[in-house]
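Please look through the sequence and the model below before reading on.

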Amino acid sequence: MEAIRKQATKLREQVAKQQQCYYAPELEIAVLDYYLKSFRGFLRMFNAVLKQFGASGYGGSDTLVTDEAELHQHQKLERLYISTRAGKHFQRDIVRGVEGYIVTGSKQVEIGTKFSEDSRKYGAENTCTSGNTLSKAAVNYGRARAQMEKERGNLLKALGTQVAEPLRAMVMGAPLEDARHLAQRYDRMRQEAEAQAIEVSKRQAKVREMPGSPELAMKLESAETKLQDLKSNMSILGKEAAAAMAAVEAQQQRLTLQRLIAMVEAERAYHQRVLQILDQIEGEMTSERQRIEAPPTPSAENSMPPPPSYEEVNGMYASQAHNGTTDSISYFLGEVMHSYQGQSDVELTLSIGDYVVVRKVTNNGWAEGECKGKAGWFPYGYIERRDRVLASKIAEVF
């Protein structure tokens, strides 16, 4: 560009010198024509450089547009080409991401399976001498872990067959490549049409310079005929390429969205099943822990018969008095070791740490006594006898 500018400046200076002597319109016209030809040559050179270095794949040339319809067709194909290329790259990124997830997930399945086997092995051996609670928990956890790893394996398989494989097939599929080849053929034909249009312009200029030359007129007619053929073929090929690219774009959008939804559904189902397994194993372990940590309750709580009525007790006292055994009856204090909620008016409600004056103990596991000023019945197994008690504790009884 700088060289052309220098040449134009030099020619203008020459024209100015000539004009100082005489008016020479022919020379000025020749200078302007030379400048115009040089500028056109620069544009062709610049366009060639852009095609070589600036364009990749499709859409590298739009310097010459024959009409508005062709321009619209060219821009539409360019947008479709960019869209399908971006869609292809996104599909490829999804495939790579899923494949990486499958690789790492397979390693996790391997580690988790080994973990479950170790847990079940410990539970089966049961080396603990004081109980089997931990062994049972280990067996249950090993079973749950194996189920979770099985679900993970199913997820990885679904991601491979329902997501990665369909997208990979479309990335490498023939429809996309065929549509791209059509678009590239259209672009090459468009460049040929541009070059032919320049050739027609040159021949038109020569005919204007030499209007009476039949040879130049014949060559111009041949060039124009070739240009029209190129434009006609270019229009047909452009429509075919646009239709093919639009179909590929729609398929890309639809299939990629379907695969993303399938991936989300597969992961959601996996996490739901894993959550169910974890809830179940947590419930089992929590129940076992509560059973261990809860204070031991006497067996009489569930199997103990109801306390005797006062008529039965009075009968026992009368029988003992008739037999002379009432002298052997002695009261004693008992400390409540397990709380008890009375089920009727004749039963006492006891709290841990309370003291009870025990008056009578029956053969069916019930005792009669007084606690905090109230008399009634209670399970005898809930207390322990105390021979030495502080006076303050005795006062609390009454």
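What follows is a walk through the model, part by part.

The structure is a predicted model, in which local features need a pLDDT of at least 70 and side-chain atom pairs count only at pLDDT 80 or more, while totals for chains, interfaces and linings use all residues. Residues are numbered from 1 along each chain as its sequence is written, and side-chain values use heavy atoms, with hydrogens and water left out.

Confidence comes first. The pLDDT, which is the predictor's confidence in each residue on a scale from 0 to 100, has a mean of 77 for the protein, and 71% of the residues reach 70 or more. Helices (DSSP runs of H or I, at least four residues) and strands (runs of E, at least two) are numbered from the N terminus, and among these elements H4 has the highest mean pLDDT, 92, whereas helix H7 (residues 300-303) has the lowest, 46. Over residues 49-57 the pLDDT is below 50, and beyond near neighbours in sequence this stretch has 10 contacts in the model, a contact being heavy atoms within 4.5 Å. Residues 316-329 likewise stay under 50 in pLDDT, and the model has 11 contacts for them beyond four places in sequence. Where pLDDT is low, the predicted coordinates should not be read in detail.

Valine 98 touches Leu159, Val163, Ala164 and Met263, not counting residues up to four places away in sequence. In soluble globular proteins, nonpolar side chains tend to be buried together.

The next topic is the aromatic rings. Rings of Phe, Tyr and Trp (its six-membered ring) pair if their centres lie within 6.5 Å, and planes under 30 degrees apart count as stacked, over 60 as edge-to-face and the rest as tilted. The structure holds three aromatic pairs. One of them joins tyrosine 340 and tryptophan 366 edge-to-face, at 6.4 Å centre to centre and 80° between the planes. Tyrosine 340 lies in the loop between strand S1 (332-336) and strand S2 (355-361) and tryptophan 366 in strand S3 (residues 366-371), so the pair ties together parts that are 26 residues apart in sequence. Tryptophan 366 is buried at 4% relative accessibility, and tyrosine 340 is buried at 12%. The rings of tyrosine 340 and tyrosine 382 have centres 5.5 Å apart and planes at 75°, so this pair too is edge-to-face. Because tyrosine 382 lies in the loop between strand S4 (374-379) and strand S5 (383-386), this pair ties together parts that are 42 residues apart in sequence.

Charged side chains come last. Side chains of opposite charge can pair when their charged atoms come close. A salt bridge is a side-chain nitrogen of Lys or Arg within 4 Å of a carboxyl oxygen of Asp or Glu, and the whole structure has 15 of them. Aspartate 118 and lysine 114 meet in one at 3.1 Å, N to O; they are four residues apart in helix H3, separated by about one helical turn. Aspartate 118 is partly exposed, at 38% relative accessible area, and lysine 114 is partly exposed at 47%. In helix H4, glutamate 149 and arginine 145 are also four residues apart, and their side chains meet at 2.9 Å, N to O. Here glutamate 149 is buried at 4% and arginine 145 is buried at 17%. Between strands, arginine 359 in S2 and glutamate 370 in S3 are 11 residues apart and form a salt bridge at 2.4 Å, N to O. Salt bridges that share partners join Arg145, Glu149 and Arg152 into one network.

Definitions and conventions. Buried < 20%, exposed > 50% of the residue type's maximum accessible area, 1.4 Å probe, protein only.
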